[in-house]
Amino acid sequence: MVKVAILGYGTVGSGVAQVLDTNSSEVAISAGQEVSLKYILDLREFPGDRHEQQVVHDINVILDDPEIQVICETMGGIEPAFSFEKSALMKGKSVCTSNKELVAAHGPELVELAKVHHCSYLFEASVGGGIPILRTLNTSLKHEKIDAITGILNGTTNYILTKMDKEGAGFATVLKEAQEKGYAERKPEADIEGYDACRKTAILASLMSGQYVSFEEIETEGITKITQEDFSYARSFGMAIKLLGMIRKNENGFFTIVAPFMIPLEHPLASVNKVFNAIVVHGNMLGNTMFYGKGAGKEATASAVVGDLIDCVIHAGSHIDVNMNAEHARLSDNGSFVHRFFVRVPEEDADAALEAFGDGIEHITSDEVAGEFAFVTDLISEKHFHEAYQKLDRAKGYLRLL
Ligand code: HSE
């Protein structure tokens, strides 16, 4: 029997306990032995909870117990999670976490600690919730040359964009409703400004490069500027609008961006709605493959943590390689990243737009929007686009096209 501990008995932590309880025999078969939850670290008491006797308030009880082999860190945030994880790894206890903020900020250091101390640091649940994407990249697809990853990586923003599209409501109204239903946080910036998707993109880019991409290096735009007019135009020419994390590899290095994109309706990502996430991976031999599922939520995220836990049990005493190290991957200058762009300007600025972007633009109309000139550019670089767009000082907004 192997003894494990959970740090943080919130949504994901209590989900981990639930998965271990509900699927105890499947977990035991998979791990090759029974997995017993010995401790739960939390500041609070949980009277009446079936695990109330396992709750402790001092991390040292867990760290100093030689029986504990694996720790599931589901507290979130940088501190004290970072200190707790480091201490656990230094004692040779493997750590599994859903904490994308910590993995994105300090992943390489934690992976190195695990390596030195012959244990593992796994973080499947940090990207795409329950979608088994990281292990797949590191095992089934390890032999592929992966040159593109494109993902809907944030459930909250996908829910908001789906509602805006299908119900015609404005951003502020939908955000308020999402908060009331508990889908969006009371402080929603991490989601709506794209920071959460940025961290997940950084983790994916790190694994894709086999090195490290810092979230601070990724250009990030959120969804707060998207309006009903954008959706009207998108519908009129067969597009959906999705917040994407995008990584492209070429001979110069990696392009990375998090931004809202217009996507053709026939693209598989266009039909990923509500709180679901999906990630399209392109390999040189494989072509495209898409992974779809619940990107958030208690049971789905906890299932991913337990999958890692089982891997740690199976590989006790050795280190599972996660294909991330401290060396920074070579990122390309986004200025040469090429897209088509959708642009809206006031009707009276149509000539100025033509002058800035040239004759190659495609005029887009919508029956629902008046007084505007909207168009899609040719394929142009980010640098060229921004130089031209700056000349249109009354422009009403732009979106990239996938
Ligand atoms: N806030 C995140 C989301 C939770 O909406 O996807 C899962 O990481």
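## A covered strand: β15

Strand β15 (residues 372–376) is mostly covered, with 5 of its 5 residues buried. This is a predicted model. In a regular strand, side chains alternate between the two faces of the sheet. Both faces of β15 are covered. Glu 372, Ala 374 and Val 376 lie on one side, Phe 373 and Phe 375 on the other, and all are buried.

## Partners of β15

Strand β13 (residues 338–346) pairs with β15 in the antiparallel sense, over 5 bridges. Strand β14 (residues 362–364) also pairs with β15 in the antiparallel sense, over 3 bridges.

Which residue of β15 is the bridge partner of Arg 344? It is Ala 374. Ala 374 is also the bridge partner of Ile 364.

## The parallel sheet

An open sheet of 6 strands runs in the order β3-β2-β1-β4-β5-β6, with parallel pairing. β3 (55–56) and β6 (121–122) stand at the edges. Each has a single partner strand, so one side of each is left without a neighbour in the sheet.

Within this order, β4 (residues 68–73) and β5 (residues 94–97) pair in the parallel sense over 4 bridges. Cys 72 has Cys 96, in β5, as its bridge partner. Helix α1 (residues 11–22) lies across β1 (2–7), β2 (35–41) and β4. The helix runs at about 155° to β1.

## Domain layout

The protein is divided into domain 1 (2–130 + 298–314), domain 2 (148–294) and domain 3 (334–401). The C-alpha centres of domain 1 and domain 3 lie 49 Å apart.

Key:
Residues are numbered from 1 along each chain as its sequence is written. This is a predicted model: local features need pLDDT of at least 70, side-chain atom pairs count only at pLDDT 80 or more; totals for chains, interfaces and linings use all residues. Side-chain values use heavy atoms; hydrogens and water are left out. Two strands pair if DSSP finds at least two bridges between them. Helices (H or I, at least four residues) and strands (E, at least two) are DSSP runs, numbered from the N terminus. Contact means heavy atoms within 4.5 Å. Axes are lines fitted to C-alpha atoms, for helices over the stretch in contact, and angles run from 0 to 180 degrees between N-to-C directions. Domain bounds come from an automatic or database domain assignment. Buried means under 20% relative accessible area, exposed over 50%, partly exposed in between (1.4 Å probe, protein chains only).
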